[in-house]
Each structure stands twice: as C-alpha cells, then as structure tokens.
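Dear colleague,

Please find below the structure that I am handing over to you. My notes on it follow directly after.

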Amino acid sequence: RHGVGTLINRYVFNVPTRMDIEVEFSDMIRQSGRQPRVDYVHVEEDAASEKIAAQLHLNPGDPIVRVSRLVSADGVPAIYCEDVVEKAKLQRPYTAEELRQPIFDFLQNVCGISSYLDLTDLRPVAADAALADVFQVPQGTPLLNMDEVDYDIDGSPVFCSNQYYVDGIIRHTVMRKKL
C-alpha cells in the first residue's frame with residue numbers, strides 16, 4: 001500500500017494453482033498433491049491452418065511442428081496439450097526425450113527462444129469422441145479448454161497451445177483485484 005509499505009496477501013499462500021502465474025503441467029499436478037507422469041507424446045510436421053497462421057503471424061500452409069502430450073496425475077489422464085511451433089524456429093534436430101520435457105525447455109534448448117508472457121482464452125468444452133478417448137471419459141464430459149499464444153519479450157509470437165483439463169484433478173484459481 002502506498003505510504004504503508006509492502007503487505008503480504010496471506011490468502012494467496014494457500015492457493016495451489018493460480019491461473020495468473022505460468023506453471024508447468026508437472027508442477028501443477030504436484031501442487032495438487034498428485035504424482036505427474038507424461039503418458040503420451042506425439043510429434044507431427046504439418047502446415048499451419050488459418051487459425052494457427054493468424055496466432056503465430058504466419059501464412060496459411062507454412063510448415064509447423066505440432067507436439068501432443070498427455071500428462072496424468074496418479075495414473076489418471078489430467079491434461080492433454082497440443083503445442084505448435086513454427087518449423088523455421090527450430091535451430092537443430094530434437095530428440096524424443098526433449099519432446100517429453102516442458103515446452104519452455106524445448107523452446108530454449110532447440111529453438112533458442114524464451115516465452116515471456118501468454119494470452120489465453122478460457123472456455124468450457126464438451127469432450128468430443130477423440131478427447132473422450134484421450135481422457136477415458138464419456139463423450140460430452142465437461143473439460144476446461146485453454147487456447148493460448150505465448151510471446152517473447154519483444155511481443156512476437158513464440159508458439160501456440162491448445163490445452164484441455166479434466167475436472168476434479170487441478171483446481172485453477174484466479175486472483176482478481178480492483179484497480
């Protein structure tokens with residue numbers, strides 16, 4: 001507070017997962033009291049769709065690399081994520097083990113770039129047949145979708161990510177305050 005000094009907001013200390021702070025999937029799951037594991041990684045080279053091209057400031061059809069991951073909590077599917085990076089950003093070939101690491105490590109080690117901030121659209125979605133299969137839940141099960149674009153310190157898009165969270169494993173909290 002102005003004129004008083006720095007005060008600690010004790011309410012945020014008990015919040016395991018804040019949505020306003022970027023936290024790796026494995027750390028989120030650990031903070032929820034569970035053991036994380038990367039169960040599935042798939043990589044494919046593809047062409048940018050119109051949506052991805054707009055997010056990453058590319059031309060539709062430009063080469064991209066899409067990395068899909070399934071992360072479980074105590075063996076239960078918890079987070080499914082598709083990260084997309086412009087193929088031209090890769091500075092060297094990557095290993096299978098690097099694909100199992102957090103995307104931020106992959107970007108730093110393989111692309112030589114860092115994410116500074118992201119803008120994320122949040123929305124509820126119903127699991128379609130593919131997501132129901134991934135999460136091993138009935139079709140129509142509610143999921144939290146985070147459609148995210150990450151930017152470097154200069155404001156250039158670094159990668160985009162489409163994340164799905166099953167309910168009941170990670171509790172997402174947002175701290176909001178009046179300005």
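Among contacts in the protein chain between residues at least 6 apart in sequence, what percentage join residues at least 24 apart? The value is 55%, where contact means heavy atoms within 4.5 Å.

Please note that this is a predicted model, in which local features need pLDDT of at least 70 and side-chain atom pairs count only at pLDDT 80 or more, while totals for chains, interfaces and linings use all residues. Residues are numbered from 1 along each chain as its sequence is written, and side-chain values use heavy atoms, with hydrogens and water left out.

Overall composition

The protein chain has five helices and six strands, taken as DSSP runs numbered from the N terminus (helices: H or I, at least four residues; strands: E, at least two). From the N terminus on, their order is α-β-α-β-β-α-α-β-α-β-β. Of the 179 residues, 39% count as buried; buried is under 20% relative accessible area, exposed over 50%, and partly exposed in between (1.4 Å probe, protein chains only).

Aromatic pairs

Rings of Phe, Tyr and Trp (its six-membered ring) pair if their centres lie within 6.5 Å; planes under 30 degrees apart are stacked, over 60 edge-to-face, and the rest tilted. The count by this rule is three aromatic pairs. One of them is the edge-to-face pair of Phe 25 and Tyr 165, at 6.3 Å centre to centre with 80° between the planes. This pair links helix α1 (residues 25-31), which holds Phe 25, to strand β6 (residues 157-166), which holds Tyr 165, across 140 residues. Phe 25 and Tyr 165 are both buried.

The rings of Phe 104 and Phe 159 are also paired: their centres are 5.9 Å apart and their planes at 75°, so this pair is edge-to-face. Because Phe 104 lies in helix α4 (residues 103-111) and Phe 159 in strand β6, the pair ties together parts that are 55 residues apart in sequence. Phe 159 counts as buried because its relative accessibility is 1%.

Glu 97

Glu 97 belongs to helix α3 (residues 96-100) and is partly exposed, at 48% relative accessible area. The C-alpha atoms of Glu 97 and Val 41 are separated by 9.7 Å, although these residues are 56 apart along the chain.

Cysteines

With a disulfide defined as a pair of cysteine sulfur atoms within 2.5 Å, the count is zero. Cys 81 is in no disulfide, and the nearest cysteine sulfur, that of Cys 160, is 9.9 Å away. Cys 81 is buried at 1% relative accessible area, and Cys 111 is buried at 2%.

Kind regards
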